[in-house]
Structure formats: C-alpha cells, structure tokens
Amino acid sequence: MSVFSPKQRHSLGGQIAIALYRISEAIHYLFKERGKMRRLSPTQIQSLLFLKYVRPVARTIGGLADRLGASYATSSEVVDALERKGLVERSPLPEDHRVVTLRLTPKGRVETEMVENILDEIESAVNALPEEEQRSLVHALQSVVRHLQRRGFIHIYDICWGCQFFQKNAHPDDPRGPHHCAFMDSPLAEPDTYWECPDFVPTEELDQEERG
C-alpha cells in the first residue's frame, strides 16, 4: 500500500503525507529557481543560510555536513565552490587553531540577504489561514518533526528559548550573560540565545521523558 497511489490515499494520514510531499516539491522548486537567478545550487543556498544563523562553534565542515545530511567530503566540495565564488572563507578557531571554521565574506553576507526570503511564498500561504488553524498546524507539524528527529531522519537546529538546556535569567548579574546553558555549563549573553544550535533538544521531549 502506497500513499502515492490515488486508489490507496483514503486515510487522513495518507492525504496529509501527500500534502507535505507536495509542499516539499514546492520548496525544492523555490530553491532551484532562486539558485538559477543567483547562480547557486540549492545546497549552496542552504550552506549560506546555515553559516549566517548557526552558533559560531558549529560553523565547520563537519557541522555543515551534519546540517545537510551529507558526507564530509561532499560538504567540503560545497565549501570549495563557495570559496571560489568569494562567498565563504576558512579561518582557524581562535581558541584552537587545529579547528578550521567557516564564515561568510562581505560578498557572502550580501548574497545571503538576496536568498533568505526564499520561503516567503510558503509563509504567505500559511498566513492566509485563520490564526486558530495556524496554531493547530504548527503544533501538529512540530509533533511530526519531533517524531522524524527521534527516528534519526532529521537533525533539528533551533534557538535556546525552546531548549531543555536553557535556563532563563539563571544569573542576571553575571557580566558574561544573564542566562545559562546546562549543556555547555556556561553563561549565555542575550544575543547568543538567538543562534541556531546543533545541541538543541526541545523542552517537550524532556516533559515526555519525565512522564515516562
């Protein structure tokens, strides 16, 4: 039985799965068309967005490979191509020169600004729904994403505020930052809480574990 067969697409789950598949096709189309305009591949666009928004310590080829779901060698080739375009440069991590980090060049930052509205059409379609339906949709989709994450199909990067390791205003007088990350066991300045982080674990997962 396959949801791709119209004869078998009777269940709500099957209809939703196909709808999500069609949305994924639309996203792929948007990335491909924008890539043609900017002379970038969809993977190169994803890489630029990754480098702009991810926590600085994750801006490595290994971190990029994890985000793209690609091999280290493939990710290195993507970075090589972006370097040739003058959009990305490699530099040693100040704390450990054995670690090579990636960063956007000034040209790369400009280019990223030209592509980061790529999902506006998707957002516009969602915004056309009544607010109550949007809230139901986000709750349902987050549940689907968490299921896929637990199965190892995706790796979620997100900001601190919804993470189980985040402790808001744990030490408000600390000059290093008022918040605390239990994963790194270190203070967090307010601006640092808005980087996407590969160690993100949603608080909902912690709640589920505590309930058994």
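## Terms and model

A residue is called buried if its relative accessible area is under 20%, exposed if over 50%, and partly exposed in between, with a 1.4 Å probe and protein chains only. Helices (H or I, at least four residues) and strands (E, at least two) are DSSP runs numbered from the N terminus.

The model is predicted, so local features need pLDDT of at least 70 and side-chain atom pairs count only at pLDDT 80 or more, while totals for chains, interfaces and linings use all residues. Residues are numbered from 1 along each chain as its sequence is written, and side-chain values use heavy atoms, leaving out hydrogens and water.

## The chain as a whole

The protein contains 8 helices and 5 strands. Read from the N terminus, the order of elements is α-α-α-α-β-β-α-α-α-β-β-β-α. The C-alpha trace spans about 60 × 50 × 30 Å along its principal axes.

Of the 212 residues, 30% count as buried. The accessible surface, from the Shrake-Rupley method with a 1.4 Å probe and, for residues, only the protein chains shown as cover, is about 13700 Å², and carbon and sulfur atoms account for 55% of that area. A contact means heavy atoms within 4.5 Å. Among contacts between residues at least 6 apart in sequence, 49% join residues at least 24 apart.

## Helix 2 and helix 4

Helix 2 (residues 42–53) and helix 4 (residues 72–84) have axes that come within 10 Å and cross at roughly 85 degrees. The two helices are therefore roughly perpendicular, a term for angles of 65 to 115 degrees (under 35 is roughly parallel, over 145 roughly antiparallel, the rest oblique). Axes here are lines fitted to C-alpha atoms, for helices over the stretch in contact, with angles from 0 to 180 degrees between N-to-C directions.

On the helix 2 side the contact is made by T43, Q44, S47 and L48, and on the helix 4 side by V78, A81 and L82.

## I45 in helix 2

I45 also belongs to helix 2. Its relative accessibility is 0%, so I45 counts as buried. Beyond its neighbours within four places in sequence, I45 is in contact with F31, R34, G35, L40, V115 and I118. From C-alpha to C-alpha, I45 and I118 are 9.6 Å apart, although 73 residues separate them in sequence.

## Helix 3 and its end

Which residues of helix 3 (residues 61–68) are buried? They are I61, G63, L64 and A65. Just after helix 3, G69 has a positive phi of about 70 degrees.

## Aromatic pairs

The whole structure holds 5 aromatic pairs. Rings of Phe, Tyr and Trp (its six-membered ring) pair if their centres lie within 6.5 Å; planes under 30 degrees apart are stacked, over 60 edge-to-face, and the rest tilted. F50 and Y157 form an edge-to-face pair, with 5.8 Å between centres and 80 degrees between planes. F50 lies in helix 2 and Y157 in the loop between helix 7 (131–150) and strand 3 (166–167), so the pair ties together parts 107 residues apart in sequence. F50 is buried at 2% relative accessible area, and Y157 is buried at 8%.

W161 and F166 form a tilted pair, 4.8 Å centre to centre with 55 degrees between the planes. W161 is partly exposed at 31% relative accessibility, whereas F166 is buried at 13%. Ring pairs link W161, F166 and Y194 into a cluster.
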